[in-house]
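Biologist: I'd like to learn how to read a model like this one, feature by feature. Can you take me through it?

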Amino acid sequence: PALLCLWFSQSEKQISGRTPVNLGQERDIWKPLVQSTTNLSEVHSIRSVFEFRTFDPEGAIFYGDTKDGEDWFMLSLKDGIPEMQISKEGTIVSVAGGPKLNDGKWHLLELSNQGKFVILEVDRAKALVVGLGSNGADDLLSGQIRLALGGVLIDTKKMIVQFQPQMDGCVQEGSWLNLTAPWETEAEELWPCYQNIQPGSYFPGTGFAVFNTSVFSRDAEQDGLKIEIWGHFSQMDGTILSMKAPGQELLLALEADNNTKAVTLTFGNDKIMMAEDFNRLALIFQKDLLEVLMENDQSEARRLSVASEEQPAYLGTLAGGRLAIGGLLGEGEEHVGSHYLTGCLQKIQVQGKDLDLDLAVKHASVSSYSCPAEIMKGHID
């Protein structure tokens, strides 16, 4: 097969199609991590087979197009379910169905074009069949076909179903159009796909995720604001959580220290030192106090009061400040942080609902849905 893609820059490297590809690697959110271009005259079977694994319910997986993007297809996940969007001669169809794939297990996916039908098989069973007729001449063997993983090569406005493209998942052992042409990537080094993963959000010590508290604290004054974190606190190092309003002093910081083997909660001028032999922590912000609850044990609850003169700033932070997961918030309006967390948070809930880190202003090094299993060393119920 010819090596394609003369328009790629010399700085891009080539990798085998069977190479494990971590789709969560840092880049612009819609930009493919790897891609390839092949002359259609070299293609004898429109069939690609690969293994795929994720806990992420939504994101871009596999894209292809011909006629410089005039005809295209997109395979993605939404709510964990495969979804195909196909455009041909100006007609666009979208079909979703099949088994949920975000269970953290490797699944064998096969995508093929058989006459007027595009077929997706999952673990050797048909999951989706899309029929799309054409009144035009069959020009399949002319021009080029472009393939990409983790993004698209067209204007996203062309898609009729919009979705969050970031995919915390891995692809490996690919056979793409039965060719041996390599993928091209601008990445200097590809992130690894860990052998074993578990659900959670992984922080490698280089960045954090920041939310505006206004998105979940509308009733904080009346009903309180509850934040719960699950994880092996003994295996963490760095700032787990911090809260601050622009122009105000830091309201709260929760930090783990592997050297002292302690977790420290700083709340204004108060500090609480906790042993690291716990796996669940709740912070409940009431109008005039903060309640700290380990392992959901009310008998061991600790309460820190808020002085009346401090209440305006305190309530203002709850209603319109910033909540950082995995780092210490800095000064100013920018999302500048420090003392980043190294470790895995198995689950984070705010107001009883799971917190989706993909909705935050998040550093690209943070994995929203998976942790290396060796980091977690067991599952927490």
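Predicted model: local features only at pLDDT ≥ 70, side-chain atom pairs only at ≥ 80, totals over all residues.

Biologist: Fine. How many helices and strands does the protein chain have?

Modeller: Helices (H or I, at least four residues) and strands (E, at least two) are DSSP runs, numbered from the N terminus. Here that gives three helices and 33 strands.

Biologist: And what share of the residues is buried?

Modeller: Buried means under 20% relative accessible area, exposed over 50%, and partly exposed in between, using a 1.4 Å probe on protein chains only. Of the 381 residues in the protein chain, 53% count as buried. As for contacts (heavy atoms within 4.5 Å), take those with a separation of 6 or more: residues 24 or more positions apart account for 69% of them.

Biologist: On to sheets. What is the strand order in the open sheet of seven strands?

Modeller: Two strands pair if DSSP finds at least two bridges between them. The seven-stranded open sheet reads E22-E21-E20-E19-E26-E17-E32, and the pairing is antiparallel. At its edges are strand E22 (270–275) and strand E32 (361–362), each of which pairs on one side only. Further in, strand E17 (residues 209–212) is joined to strand E26 (residues 322–325) by four antiparallel bridges.

Biologist: Which strands make up the open sheet of six?

Modeller: That one runs E2-E13-E4-E9-E10-E11, again with antiparallel pairing. Strand E2 (21–22) and strand E11 (125–131) each have a single partner strand, so one side of each is left without a neighbour in the sheet. Strand E10 (residues 117–122) and E11 run antiparallel, joined by six bridges; Phe117 has Gly131 in E11 as its bridge partner.

Biologist: Now the disulfides. How many are there?

Modeller: A disulfide is a covalent bond between the sulfur atoms of two cysteines. The test used is a pair of cysteine sulfur atoms within 2.5 Å, and it finds two disulfides. Counting bonded cysteines along the chain, the pattern is 1-2, 3-4.

Biologist: Is the disulfide of Cys170 and Cys193 left-handed or right-handed?

Modeller: The torsion about its S-S bond is about -105°, so the disulfide is left-handed. Cys170 lies in strand E13 (residues 169–176) and Cys193 in the loop between strand E14 (183–185) and strand E15 (197–199), so the pair ties together parts that are 23 residues apart in sequence. The S to S distance is 2.1 Å, and both Cys170 and Cys193 are buried.

Biologist: What about Cys344 and Cys371: which hand does that link have?

Modeller: With 85° about the S-S bond, the link of Cys344 and Cys371 is right-handed. Cys344 sits in strand E29 (residues 342–345) and Cys371 in strand E33 (residues 370–372), 27 residues apart. Their sulfurs are 1.9 Å apart, and both cysteines are buried.

Biologist: How do I read the empty spaces?

Modeller: Rolling a probe the size of a water molecule over the atoms shows where empty space is left. On a 1 Å grid over the protein atoms alone, a cavity is a set of points where a 1.4 Å probe fits but cannot get out; a pocket is an open set with protein on both sides within 12 Å along at least five of seven lines; lining residues have an atom within 4 Å of a point. Grid points are joined across faces, edges and corners, and a volume is the space filled by probe spheres set on the points.

Biologist: What is the volume of the largest cavity?

Modeller: About 60 Å³, and there are three cavities of 30 Å³ or more. Residues lining the largest cavity include Trp176, Leu179 and Trp183.

Biologist: Where does Ala301 sit, to finish?

Modeller: In the loop between strand E24 (289–294) and strand E25 (302–305). Ala301 is buried, at 18% relative accessible area. Leaving aside neighbours within four places in sequence, Ala301 is in contact with Glu291, Val292 and Leu293.

Terms used: Residues numbered from 1 in each chain as written. Heavy atoms only, no water.
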